[in-house]
Amino acid sequence: MIIDTTEVQDINSFSRLEFLKEVYGIIWALIPIFTLVLGITIGVLVIVWLEREISAGLQQRIGPEYAGPLGVLQALADGTKLLFKENLLPSRGDTRLFSIGPSIAVISILVSYSVVPFGYHLVLADLNIGVFLWIAISSIAPIGLLMSGYGSNNKYSFLGGLRAAAQSISYEIPLTLCVLSISLLSNSSSTVDIVEAQSKYGFWGWNLWRQPIGFIVFLISSLAECERLPFDLPEAEEELVAGYQTEYSGIKFGLFYVASYLNLLVSSLFVTVLYLGGWNISIPYIFVSELFEINQQYEVFGATIGIFITLAKTYLFLFIPIATRWTLPRLRMDQLLNLGWKFLLPISLGNLLLTTSFQLFSL
């Protein structure tokens, strides 16, 4: 049997070309993911710097100023320090649960960024159930905290994990009811469709004006979900000595703070998407008709403007949870649960019934 060397070379070159195409496709698919992760990382560092500066201003102190210009590298310096610290493990604890817990808390929140639209075509996954996917995925984070508390073999840590689970269950129900009201108004659960539904009437089309009660309930519930003061009962220093993170050190200790700020950022992004019009500039079209023509001609310019507007709304809203942390005292556990079950749940349910009635009468 005679083998033609030319045919063999053609086959090899074809297989090599197919392999390169597969590698190129994988790289092209991973670029948006890496870009999103890089942007989220920078966003978290900005939030940490803002919180330190705002808290210093509220308490008449000098904020971070030595690590980089105006102290912008202080959070990076703290993370590097935690990275090189010794990682201790409890001798009688469950090592696997102890190690997996912080990772679950961070990864579950990172995945929820995939449905956040930063612009008209700038979303990693435009799903029909986008907002409910965020709620479902973010509800996994308290399981990681509970695993951390149980794996530490420490009664204070375990109580902190139980508090985190109880708090999450109490405030996820009102949060979900508020999101369901927004979905009924927009006739869709897609985050992109919700923003588009608000863009029809400009500034006055925001769901903030159509759902003021839901906005307040959503704000309080999101603060409780992020375990921000006055709802940081799972890590109350006076009672639990930092709660579920008592036995942690090094980078695992830092992962809990990363998860907290990631959750705060994604909650603020969803407030922008659900209630503040998302990437829409929300100025009457008479004054910006030329700008919209530019957007149609140059998609890159339009995408940049959309990202800027989304982030500007998000970081302006972030002033509320940051200022709340440094002004309000911590609630007791019974007050926290009463607020969730006896007040926010009936109010959010009533808001949902009113929204449903309004939608039925408008048909």
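Buried means under 20% relative accessible area, exposed over 50%, and partly exposed in between, with a 1.4 Å probe and protein chains only as cover. This is a predicted model: local features need pLDDT of at least 70, side-chain atom pairs count only at pLDDT 80 or more, and totals for chains, interfaces and linings use all residues. Residues are numbered from 1 along each chain as its sequence is written, and side-chain values use heavy atoms, with hydrogens and water left out.

**View 1. The fold has 15 helices and 0 strands.** Helices (H or I, at least four residues) and strands (E, at least two) are DSSP runs, numbered from the N terminus. Of the 363 residues, 45% are buried. Take contacts (heavy atoms within 4.5 Å) with a separation of 6 or more: residues 24 or more positions apart account for 80% of them.

View 2. Residues 97–115 are 79% helix and 0% strand, with end C-alpha atoms 29 Å apart. Residues 343–361 are 100% helix, and their end C-alpha atoms lie 27 Å apart.

**View 3. Ile 26 belongs to a nonpolar surface patch.** Ile 26 sits in helix 1 (residues 5–58). Its relative accessible area is 53%, so Ile 26 counts as exposed.

How values were computed:
Patches are made of residues with over 30% relative accessible area and no salt bridge: like charges are joined within 9 Å, nonpolar side chains (Val, Leu, Ile, Met, Phe, Trp, Tyr) within 5 Å. Accessible areas come from the Shrake-Rupley method with a 1.4 Å probe; for residues, only the protein chains shown count as cover. A salt bridge is a side-chain nitrogen of Lys or Arg within 4 Å of a carboxyl oxygen of Asp or Glu.
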